[in-house]
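Visitor: Before we look at particular features, could you walk me through how to read helix packing and sheet pairing, taking the general idea and then the case at hand?

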Amino acid sequence: MAQNSILFTSISLLIFSIFSHCQALTSLEDLCDVTPHPTVCRSVLPVGSPGSVSGFANIVILKSLEASKHLLASLDPHHPASGPLDDCQLLAGLTVDQLTRVNVIKDTVLGTSEVNDLLTLLSAALTNYETCLGSFHDVTGESSENFVKDHQDILTRVSDGIKLISVSLALSKEAWSIASDASVKKPPPRILTEEKKSSSPDVSYVKMTKRERMIYERVEVLGRKLLQVSFLSTDRINFTVVVNPNDVNGDVYKTINDAIAAAPTKAESENGYFVIYVVAGVYEEYVTVPSNKSYVMIIGDGIDKTIITGNRNIVDGSTTFASATLAVIGRGFIAANITVRNTAGPNKHQAVAVRNSADMSAFYKCSFEAYQDTLYVHSLRQFYRECDIYGTVDFIFGNAATVLQNCNIIPRLPLQGQFNAITAQGRSDPNQNTGISIQNCKIIPSAELVSSNYTVKTYLGRPWKEYSRTVYLQNFMDGFIDGKGWTEWMGDFALQTLYYAEFKNTGPGSETAYRVNWPGYHVINETEAVWFTVSNFIVGDSWLPSMGVPYAGGLV
């Protein structure tokens, strides 16, 4: 009898084991089916092995990191000068850094903030690889086909990396969910302005250096106390420097890049900001704030007074990514009271004024002036307040999570035969938490567009990538906006999968009766619109207050 009992127990355990194995296998099959690349998902996960969704996500994240390190190693730093390879090397390095941070975050207790960070970093890593491929597409001329063929191994690695990171993002979203669009509750209206009182003590001039006092007084003269009391206290300022090419003092920098080079490496927010005051003048230099220069602030004397200018463009051999006059990567960057230009002109096609790949970055009272591809909101979380953006074709583009608030968006006169498209948002994956939200801005034509002797159609945007996402909330739209509102990229590409929306815009160009009837276009209500506000879309309440930049957290 005892032997029969033992035999029965053994058989029961065997059946349970087989049943459990089948359940795990079925679960894994179903899990991979929710990703954009089920075959890749199944190829990297241990089929039949039991495990949690978070455990499977961990495996693919590590695989993605490993593949990114191999890609970076394959991009020999001593390769012959090449725009696409240079871009890919920089982007692969950023991806390794971002996936390394993801690997650290996922091993902590994940609250809403940490989950948002994790999904943001994975979304950016995916964008980096897409950008690398885009740089290869920018190569033109008779040698372009041979160039692509010679580097097919790199392109294959990049394409494989895109699929791995896409699966990582999908599984992470399943494992660590946050509030969905529909479940987000309206946040209380929050507006930080110059009238808002602070609980911090008054600014002490005794504690300020001479340069700090000069910067503080300069901002006061410009009419807004950008650097709030808490920001100007000694524990918020790491160091201050001045850029003035005409100054004979030895402690003043001649170029903006020299001043950035002097900033500390890998600073943390608690270390305070490295403030660079750039006096009025025209600075003909290509300015880069690299990834290891975090918490840098550049402040000028005002729009059209402190001007950074360049003219790189795709026609003359640059990639779109590398054409930027000002390129920002360092986390926590702020710029205020400056103008950035790309003067290449409409005949040179893609020519970027500002490229922003900096997480939790802000531009306040700045002007961006170019034609095609003026403002490249490349990746991560960004905020623009009271800025002027001029351009023609796709002049606000990229794949960051971006809010532009209280800005002037000013389409210019394009080449004859061209149309204006204000946005070209580049969301390539349905799980990316990215998009462009334009709120409480004025969309008005430039003087040259108004006085043109030929007709130019102007649209709110077009879908650069398959899951392009752009919303317009509470803006003024002048009558020059075409009645259909939006335009196609090519045929019916992305019309089923994009997300374009409008909410309570005003002005003669805001009428939605004759808008496109695409499946992805929506006139949304307040419950939907609130998802794309500063507090929700870019989690602005967690980082904007310390910057001193005014903002509205909810709808206005």
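Visitor: At what angle do helix α4 and helix α5 pack, and how far apart are their axes?

Guide: Two packed helices are described by the angle between their axes and the distance between the axes. In this predicted model, helix α4 (residues 83-105) and helix α5 (residues 112-138) pack at an angle of about 165°, and their axes lie 9 Å apart. Because angles over 145 degrees count as roughly antiparallel, α4 is roughly antiparallel to α5. The crossing in which α4 passes α5 is left-handed, and the contact of α4 with α5, sorted by class, has 16 nonpolar, five polar and four charged residues.

Visitor: Turning to strands, in which sense do β1 and β2 pair, and over how many bridges?

Guide: Strands of a sheet pair through backbone hydrogen bonds, either parallel or antiparallel. Here strand β1 (residues 237-243) and strand β2 (residues 273-278) pair in the parallel sense, over six bridges, and isoleucine 237 stands opposite tyrosine 273 in β2. To get from β1 to β2 the chain passes through helix α10 (residues 256-261), and this β-α-β crossover is right-handed.

Visitor: Is β1 mostly covered or mostly open?

Guide: Strand β1 is mostly covered, since five of its seven residues are buried.

Visitor: In what order do the strands of the sheet that contains β1 follow one another, and which are the edge strands?

Guide: That open sheet is formed by 11 strands in the order β1-β2-β5-β8-β11-β14-β17-β20-β23-β25-β26, with parallel pairing. Its edge strands are β1 and β26 (521-523), each of which pairs on one side only, while the twist from one strand to the next averages 10°. Within this order, strand β14 (residues 381-385) and strand β17 (residues 401-405) run parallel and are joined by five bridges, and tyrosine 384 has leucine 404 in β17 as its bridge partner.

Visitor: What is the strand order of the open sheet of eight strands, and how is it paired?

Guide: The order is β3-β6-β9-β12-β15-β18-β21-β24, and the pairing is parallel. The edge strands of this sheet are β3 (281-283) and β24 (476-477), each pairing on one side only. For a pair within it, consider strand β12 (residues 367-369) and strand β15 (residues 388-391), which run parallel and are joined by three bridges, with phenylalanine 368 standing opposite isoleucine 389 in β15.

Conventions: Residues numbered from 1 in each chain as written. Predicted model: local features only at pLDDT ≥ 70, side-chain atom pairs only at ≥ 80, totals over all residues. Heavy atoms only, no water. Axes fitted to C-alpha atoms, helices over the stretch in contact; angles between N-to-C directions. Helix = DSSP H or I, 4+ residues; strand = E, 2+ residues; numbered from the N terminus. Parallel < 35°, antiparallel > 145°, perpendicular 65-115°, else oblique. Left-handed = near helix turned anticlockwise from the far one by under 90°. Nonpolar A, V, L, I, M, F, W, Y, C, P; charged D, E, K, R; others polar. Buried < 20%, exposed > 50% of the residue type's maximum accessible area, 1.4 Å probe, protein only. Pairing = 2+ DSSP bridges. Right-handed = clockwise from strand over helix to strand, strands pointing away.
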